[in-house]
Amino acid sequence: MPPAPLRRLGEAALRSKDVDRLLRPALVRVRAAGWQATQMAETAAEAARRRRSGSAVTMVAGDAALIAAGERVAVLAEFSRGAEVRPWAVRMAGALAAAGYPCIIVAARSRAARVEAPAELPAGVAVVSRGNARLDFGSWAAALEAFPTLLEARHVLLTNDSIIGPLGEEGQVAALLSRGEASGADVFGATRGLTGSDHLQSFWLQFNGSLGHPAVAGFLADLPATTDRSDLNVRYEIGLSTLMREQGLTLGWAWDASSFGLPPHYNPSLCWRDLLAAGFPFVKRKLLSDHPRFREARREVLEHARAHFGADLA
């Protein structure tokens with residue numbers, strides 16, 4: 001069986017409430033085997049693409065090198081199963097550029113498949129492509145390898161398409177970026193999570209002159225292999241925050257669970273109503289998924305976006 005269906009089979013079985021306790025460990029191994037096989041295939045496809053192009057990324061649209069040479073830059077990791085760049089990712093990149101952070105979209109595709117240039121590219125936006133090895137962290141690492149001037153920038157935002165927006169009032173993106181710059185933190189996140197360990201959630205990481213720190217740059221340049229998505233979260237998202245603290249870098253954030261009167265273990269990125277009201281003009285894309293856990297949230301988010309912002313997120 002190909003690796004992706006194998007992984008999905010394990011994931012679907014693990015979600016079933018009828019899984020016997022004795023069967024669950026075997027299913028965990030099936031899921032892990034599928035994940036590892038997929039990542040090995042992605043790594044091989046990306047290596048082949050690099051040999052053909054001679055670069056960490058393939059140029060698709062815009063002038064990424066020019067953007068990377070600026071003092072303020074955003075790098076947006078995007079993934080889709082089709083050749084088109086997600087429209088919401090293009091919109092988000094345009095909003096970041098308009099807020100003073102010209103944006104490089106790193107479009108990752110399974111098996112390093114071709115990416116089409118957007119029909120309309122916002123000013124200050126460029127698109128490059130790569131394979132999907134090591135997911136979003138791999139995309140950020142590829143951008144740093146292809147454009148090392150990013151390591152010298154005063155302010156770099158690493159973000160991804162796990163959030164959709166912006167929604168809400170004009171100027172909220174610029175206000176959040178300005179808040180990060182004024183925070184005094186070496187690295188500023190939109191949200192702080194406490195599940196597993198104290199860490200900045202990786203969908204919004206604003207580096208204020210710290211991306212070029214040898215330990216940080218070295219971490220991203222040498223990402224370890226992972227056994228499954230949970231392991232990736234521990235090694236990459238939590239691991240990066242742990243490393244930065246060990247290196248004496250200061251971490252700041254806009255919101256955590258306590259900001260909304262919730263217990264520490266709660267995931268603040270899912271507090272979409274509170275975040276929108278507080279000035280974070282995005283919602284997590286997972287809330288719009290077909291997963292049974294988010295069925296009610298999906299309906300509420302879609303209705304709220306239409307009623308309050310005139311936006312169709314379906």
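Two strands pair if DSSP finds at least two bridges between them, where strands (E, at least two residues) and helices (H or I, at least four) are DSSP runs numbered from the N terminus. The structure is a predicted model, in which local features need pLDDT of at least 70 and side-chain atom pairs count only at pLDDT 80 or more, while totals for chains, interfaces and linings use all residues. Residues are numbered from 1 along each chain as its sequence is written, and side-chain values use heavy atoms, with hydrogens and water left out.

## Overall fold

The secondary structure of the chain comes to ten helices and eleven strands. Because a compact globule of 314 residues would have a radius of gyration near 20 Å, the 19 Å of the chain agrees with that expectation; the radius is taken over C-alpha atoms, and the globule rule is 2.2 Å times the number of residues to the power 0.38. Along the principal axes, the C-alpha atoms fill a box of roughly 55 × 50 × 45 Å. Buried residues make up 50% of the 314 residues, where buried means under 20% relative accessible area, exposed over 50%, and partly exposed in between, with a 1.4 Å probe and protein chains only. Of the contacts with a separation of 6 or more, 70% join residues 24 or more positions apart, a contact being heavy atoms within 4.5 Å.

Strand S5 covers residues 155–160 and is mostly covered, with six of its six residues buried. In a regular strand the side chains alternate between the two faces of the sheet. In S5, His155, Leu157 and Thr159 point one way, whereas Val156, Leu158 and Asn160 point the other way, and all are buried. S5 pairs with strand S2 (residues 72–79) in the parallel sense over six bridges, and with strand S9 (residues 204–208) in the antiparallel sense over five bridges. Leu158 takes part on both sides: Val75 stands opposite Leu158, and the bridge partner of Leu158 in S9 is Leu205.

## The second largest pocket

The second largest pocket has a volume of about 330 Å³. A pocket is here an open set of points on a 1 Å grid over the protein atoms alone, with protein on both sides within 12 Å along at least five of seven lines, and lining residues have an atom within 4 Å of a point. Grid points are joined across faces, edges and corners, and the volume is the space filled by probe spheres set on the points. Of the 17 lining residues, the closest to the centre of this pocket are Arg50, Ala141, Glu145, Leu220 and Ala221. Helix H2 (24–53), helix H5 (135–146) and helix H7 (214–221) are the elements that give two or more residues to the lining, and H5 supplies the largest share, five residues. The lining divides into nine nonpolar, two polar and six charged residues, with Ala, Val, Leu, Ile, Met, Phe, Trp, Tyr, Cys and Pro counted as nonpolar, Asp, Glu, Lys and Arg as charged, and the others, Gly among them, as polar.

## Individual residues

The table collects the relative accessible areas of several residues.

| Residue | Relative accessible area | Class |
|---|---|---|
| Thr38 | 10% | buried |
| Asn132 | 10% | buried |
| Arg134 | 24% | partly exposed |
| Leu135 | 12% | buried |
| Phe260 | 19% | buried |

Asn132 belongs to the loop between strand S4 (125–131) and H5, where, not counting residues up to four places away in sequence, Asn132 touches Gln39, Glu42, Phe79, Ala108, Arg109 and Ser110. Phe260 sits in the loop between strand S10 (251–255) and helix H9 (272–278); leaving aside neighbours within four places in sequence, Phe260 is in contact with Trp255, Pro268, Cys271, Asp274 and Leu275.

## Backbone geometry

Most residues other than glycine have a negative phi, and most peptide bonds are trans. Arg134, in the loop between S4 and H5, has a positive phi of about 65 degrees although it is not a glycine. Leu135, which is placed in helix H5, likewise has a positive phi, near 50 degrees. The peptide bond from Gly165 to Pro166 is cis, with omega near 5 degrees, and Pro166 is found in the loop between strand S6 (163–164) and helix H6 (172–182).

Conventions. On a 1 Å grid over the protein atoms alone, a cavity is a set of points where a 1.4 Å probe fits but cannot get out, and a pocket is an open set with protein on both sides within 12 Å along at least five of seven lines; lining residues have an atom within 4 Å of a point.
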